Amino acid sequence: MQLNLEFRPTPVVISAVRSSVAMIVERYLSDRDVATRIAIATQELLENVLRHSQDGDAELSVHADQDTHRVVIETRSKADAAKVDDLARRIREMLAHDAMEYYAQTIAAVAESEEDGGLGLARIYAEADMTLDVQRVAEEVRVIATTRLGEAA
Amino acid sequence: MTSSLRRNEPRFRAVPRFDDRGVTVSLDGEADLDANDSVRTLLEELHAEAQSRKATTVTVDLTKLEFLSSSGIKHFIVWIRNDANLAEPYQIRFLSNPLVPWQKKSLEALRCFNAKLVTVETAGQSS
């Protein structure tokens, strides 16, 4: 199953996209738990696009493969190079930790922060059981979340 | 202080109930970015109401909450932190629905953030 969307994210549109993706994945895989994990990752990735996209546009692709047992979600948007480098650094740091341990540390940190956000990537890693990668291609940042079906704790 | 603690957004609703033990707020719908301000102000008012009533326990019934984004989770984290900073903090009790998959890990993360103050119960059961 391959789903590709191009749109300009707003809170309402992100909500509609998340719900639609979850419904499609649940019907395709007949697995509500996986659909919920994909919904969480979709919401959090698109919220990050909304916060950081330079031109406000986004592309989202969702690929679910029952043969390889993999689900891949990818967002593409234009982002400042320094922000992409910072994102890549944060993801490397996150993946070096146990998911729940890192989530607990992040929760403790955001409790003292006045800034919006800060929890989404850790939530994808810990709650959606997905690993993350970031790639910069020219002015575009691609954030890729991947999980294997049946891997969730 | 009397606060309605009631919310009636297009996709997010909150209904309060008061008793001798404290305050219960039932949440319904989807609390994502669209309802972010509503969740934040609700928890700020709930914190003030709990102090005003000298509540010993505040219960948040999430059994009908289908989704909560990380922005909303952050508001719950700040609420728990603010409670913990009180001289006499109240207990926070979450009622969860095992049929709503996001709740298990999100609520466990909130409980771990402050296990002294936060408990999570499956609706219809007590821990």
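I'll start with one pair of strands in chain A. Strand 4 and strand 5 (residues 140-148) of chain A pair in the antiparallel sense, over seven bridges. Keep in mind that this is a predicted model.

Two positions show how the pair lines up. Val134(A) stands opposite Val143(A) in strand 5 of chain A, and Gln135(A) is opposite Arg142(A) in strand 5 of chain A. As background, side chains in a regular strand alternate between the two faces of the sheet. The hairpin of strand 4 and strand 5 of chain A has two residues between the strands, and there Ala138(A) takes a positive phi near 55 degrees.

Now the whole sheet. In chain A, five strands form an open sheet, and their order is 1-2-3-5-4. The pairing is antiparallel. Which strands stand at the edges? They are strand 1 (2-7) and strand 4 (131-137) of chain A; each has a single partner strand, so one side of each is left without a neighbour in the sheet. From one strand to the next, the twist averages 15 degrees.

Next, the helices on this sheet. Helix 2 of chain A lies across strand 1, strand 2 (58-65), strand 3 (70-78), strand 4 and strand 5 of chain A. Helix 2 of chain A runs at about 10 degrees to strand 3 of chain A. Helix 3 (residues 81-95) of chain A also packs on the sheet, where it touches strand 4 and strand 5 of chain A. The direction of helix 3 makes about 155 degrees with that of strand 4 of chain A.

On to the nonpolar core. The largest one has 80 residues. Those with the most contacts inside it are Leu27(B), Phe76(B), Trp79(B) and Phe94(B). Where does the largest share of this core come from? Helix 2 (residues 32-52) of chain A supplies that share, seven residues. As for Phe76(B), leaving aside residues up to four places away in sequence, its contacts are Leu27(B), Val39(B), Leu43(B), Val60(B), Leu68(B), Phe94(B) and Leu110(B).

Last, the interface. Here 23 residues of chain B are in contact with 34 residues of chain A. The two chains bury about 2,200 Å² between them, with 56% of it on carbon and sulfur atoms. Leu33(B), Lys74(B) and Lys105(B) supply 28% of the area that chain B buries against chain A, more than any other three residues.

How many salt bridges are there between chain B and chain A? The count is four. There is also a salt bridge of Arg18(A) with Asp32(B), whose closest N and O atoms are 2.9 Å apart.

Key
Residues numbered from 1 in each chain as written. Chains lettered and ligands numbered in written order. Predicted model: local features only at pLDDT ≥ 70, side-chain atom pairs only at ≥ 80, totals over all residues. Heavy atoms only, no water. Core = buried A, V, L, I, M, F, W, Y, C linked by side-chain atoms within 4.5 Å. Buried < 20%, exposed > 50% of the residue type's maximum accessible area, 1.4 Å probe, protein only. Helix = DSSP H or I, 4+ residues; strand = E, 2+ residues; numbered from the N terminus. Contact = heavy atoms within 4.5 Å. Pairing = 2+ DSSP bridges. Axes fitted to C-alpha atoms, helices over the stretch in contact; angles between N-to-C directions. Buried area = accessible area lost by both parts, 1.4 Å probe. Salt bridge = Lys/Arg side-chain N within 4 Å of Asp/Glu carboxyl O.
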